[in-house]
Each structure stands twice: as structure tokens, then as C-alpha cells.
Amino acid sequence: MNTDKSIAPKLLIIFTLFWLALAVSPVYRDIWIAENLILLISLYFLITGYARFHFSNTAYYLIFSFCILQTIGAYYSYAEVPIGNWVAQILDLNRNHFDRLVHFSFGFLIVLPFKEALTRFVTFANRKTQYFVLITLLIGIGACYEIVEWWYAALFEQTLQANAFLGSQGDIWDAEKDVLLAGIGAWSYLVFFDRASD
């Protein structure tokens, strides 16, 4: 992979076309808007900060992959993504686990960009401290997102759209499991892939 030439502009064009295609008629427009607010704010900071700070091409590929997953979830609502329903039927599961996949993927795919950004400003005493901070950071962001989901559901009471956005599918421990999966995802990337890149 050529690290001198950033892949970010090409990935942004591909993602924009994909995003626009799925923006045409999402299953629940209100949920699609709510799900995309955080994505668009994040992309705004990535784009406006691009001149000052470039991530590695690997980090951009990981960000791109997460954005694709998030956009699919926003289009259908996470509890209704067809591939999740298909896997649930094949494996005789009692719920659509696409939501769980995306929470795990958030930790797994986004920890490297956070590591690259954080190490520009902070020098860690050792790798264990760095990993602890990164995993804790991803868990914290995941928890903040769960709070946003709760606020949205509380604001719109128990409407179909609120339940679809919340995505708990009847699991009272959904938020805690999602936060845990973000942490496990971050840990998995750092342990199995970050060391290999040294």
C-alpha cells in the first residue's frame, strides 16, 4: 500500500455515491436522519481536518468500512437489516445481530484512527497504558451513543420509530452488551493487528 498518496479522496467519492443511493428511500426516514447526524458530523471533521492531519491509508480503509456498515444500518434500521434476518434464520437466533456486529465493528475499525490521532498529542509510557486508554475511550464513546439512543426513544416515547432506533429487540441488557462489544472490538484489533503493524 502506498502510504505517500492518501486513498481518502477516492474512498470519500465511493462512500458519497453509496450514501446517496441509500438516502433515496430509507425504511424509516426519521431514523435515517437520526442515525446519519453523528456520521455527517464525524465526516465534516475528517474532511475539514484533512489538510492538517492525514490518517494512514489503513485507517482510512477502516473508517470507510465502518461508514458502509453504519449507512446500511441507518437505511434499514439496525434491527431490520436483511442479512441479519437471514443469518438469524439460518442459525436459529432469536434476534437480528447486525446491530451487535456494528457495535463490535465500531471498536475494531475505529480504534486505529483514534490511536493515530491520540499519539500525535500524547506520549504513553508503554503499550499497555496506550491500549487501556484507547479501549476505555472507545467504550466511553459507545456508551455515549447508547445514551443518545435512550434520549431519542424517551423523546419519541414508545413509537415504532423510537423502538427501531433503539434496536434493543426486547433485550433489557442491549445497551450494556453493545458497549462491551465496542470494547472487545477495540481490544481485538489492538491485540491481533496492531502488534503486527509495528
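This is a predicted model: local features need pLDDT of at least 70, side-chain atom pairs count only at pLDDT 80 or more; totals for chains, interfaces and linings use all residues.

**Notes on salt bridges and a helix crossing**

1. Numbering starts from 1 along each chain as its sequence is written, and side-chain values use heavy atoms, without hydrogens and water.

2. Aspartate 194 forms a salt bridge (a side-chain nitrogen of Lys or Arg within 4 Å of a carboxyl oxygen of Asp or Glu) with lysine 115, the closest N and O atoms being 2.6 Å apart. Aspartate 194 lies in helix H8 and lysine 115 in helix H5, so this pair ties together parts 79 residues apart in sequence. Lysine 115 is buried as well as aspartate 194.

3. Aspartate 194 also meets arginine 127 in a salt bridge, at 3.6 Å from N to O. Here the link runs from helix H8 to helix H6, 67 residues apart. With 31% relative accessibility, arginine 127 counts as partly exposed, a class between the buried limit and exposed, which is over 50%.

4. Arginine 95 pairs with aspartate 174 in another salt bridge, with the closest N and O atoms 3.3 Å apart. Arginine 95 sits in the loop between helix H4 (82–90) and H5, while aspartate 174 is in helix H8. Both residues are buried. A salt-bridge network links Arg95, Asp99, Arg100, Asp174 and Asp178.

Note on methods:
Helices (H or I, at least four residues) and strands (E, at least two) are DSSP runs, numbered from the N terminus. Buried means under 20% relative accessible area, exposed over 50%, partly exposed in between (1.4 Å probe, protein chains only).
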